[in-house]
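Have your viewer ready and try each task before reading on.

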Amino acid sequence: MRRATITGWGKCTPPAVLTNEDLEAVMDTNDEWITTRTGIKERRITHTETSDMATVAGRHAIATAGLEPEDIDLLILATCTPDRIIPSAASLVQAKLGVTNAACLDVNAACSGFVYGLSLANGMIATGAARRVLLIGAEKLSTLLDIEDRSTAVLFGDGAGAVVLEPAGDGDGVLALNLGTDGGLAGILTVTGFGTEEIGNVAEQFSLYMDGQEVFRNAVTQMGEAATRAVAEAGLSLEDVDILIPHQANTRIIDATARRMKLPPEKVFVNITGYGNTSAASIPIALTEALESELIRPGAVIVFVAFGGGLTWGAACLRFGDRVTPLGTSDARLPATSFTGLDLLLQRQDERRRRRGLA
Ligand code: UT7
């Protein structure tokens with residue numbers, strides 16, 4: 001059975017920026033609290049839909065792999081903020097991107113979605129059911145932000161990241177995966193008002209509830225354990241890990257995970273400062289930026305680890321191939337906007353109030 005290896009990578013970070021200072025102006029929060037509790041300084045807010053960001057990231061990943069859209073035979077889109085319920089956001093991306101020969105599906109494992117998608121892609125390539133997979137993580141979490149809830153509104157941002165996976169060479173590729181879910185804890189991180197149990201309940205549309213401390217406690221335990229298990233199942237020791245690319249939810253969670261794995265800070269990639277928590281998009285955006293910053297050497301041992309609503313968690317240990325530079329480039333980007341991040345956030349808040357009949 002052939003393992004899957006990453007041959008292409010790309011990202012889409014929307015142009016409109018929302019800073020901590022912007023948030024200070026509209027809610028009872030401050031830069032000092034957000035920075036020290038989370039590590040976040042700013043985040044991007046999109047003026048487009050999830051599938052538009054996914055399309056741009058996907059285009060870059062395909063170009064980097066030296067492929068054409070028609071070469072892709074499977075498109076997996078990890079998201080918990082799809083444009084619509086039906087069709088999948090992956091179907092919308094297929095049409096926008098011209099990935100005409102691909103079967104398309106969405107995966108929802110919240111912030112762990114990229115690692116879950118990687119597991120599916122690896123399995124499909126291992127069995128020969130797919131040869132060239134485009135795996136995208138894309139989220140428009142600004143849809144869920146409510147400036148009346150400061151405990152969650154400061155945490156999230158929008159964006160997309162993508163990889164292309166192909167059959168691996170001899171030593172590289174996905175070496176081990178470790179996934180888990182605890183549905184008994186579903187209630188500590190949940191979005192209500194968008195599903196069969198909520199039909200007609202317009203007032204509750206997109207209500208995000210999170211018990212931050214419980215999520216934090218579980219994240220630290222599960223991320224450390226899943227990552228350590230994946231490295232062991234790969235037949236490696238923790239000293240063999242060259243770089244940890246964790247889901248970017250909170251620098252304190254990342255630091256605690258790294259401590260559990262006894263990894264020094266220089267082996268841990270962190271970019272939450274500029275993007276906040278972008279859920280399923282955070283790992284592929286971080287991987288792309290690590291490659292662009294030349295932090296990944298040929299043959300590097302990489303660990304991805306994520307945690308999110310479900311509760312879900314997952315880790316992957318892989319050896320990167322010999323090529324760490326792009327085979328091609330794309331000039332794809334989102335259309336320009338004159339709106340600021342704060343404009344977009346306030347527009348969404350007005351829409352939320354209007355739907356609730358409060359405006
Ligand atoms: O992607 C996976 C999903 N999410 C996560 O991984 C998030 C996991 N949880 C966390 O990252 C942290 O729990 C948070 C960043 C959400 C919160 O940090 P915390 O250290 O657990 O703070 P807390 O909830 O215990 O709140 C401490 C204080 C409270 O005030 P009092 O009761 O002590 O007076 C809050 O009301 O901070 C207050 N607070 C804020 N203050 C200013 C909560 N949110 C804010 C805010 N600005 N935005």
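**Exercise 1.** Find the partner with which Glu 225 forms a salt bridge.

*Solution.* Start with the criterion: a side-chain nitrogen of Lys or Arg within 4 Å of a carboxyl oxygen of Asp or Glu. Glu 225 meets it with Arg 229, whose closest N and O atoms are 3.3 Å apart. (Helices, H or I of at least four residues, and strands, E of at least two, are DSSP runs numbered from the N terminus.)

A word on the source: this is a predicted model, where local features need pLDDT of at least 70, side-chain atom pairs count only at pLDDT 80 or more, and totals for chains, interfaces and linings use all residues. Residues are numbered from 1 along each chain as its sequence is written, and side-chain values use heavy atoms, leaving out hydrogens and water.

**Exercise 2.** Decide whether Asp 31 is buried or exposed, and do likewise for Lys 41, its salt-bridge partner.

*Solution.* Buried means under 20% relative accessible area, exposed over 50%, and partly exposed in between (1.4 Å probe, protein chains only). Asp 31, at 16%, is buried. Lys 41, at 34%, is partly exposed. Their N to O distance is 3.1 Å. Asp 31 lies in helix H2 and Lys 41 in the loop between H2 and strand S3, so the pair ties together parts ten residues apart in sequence.
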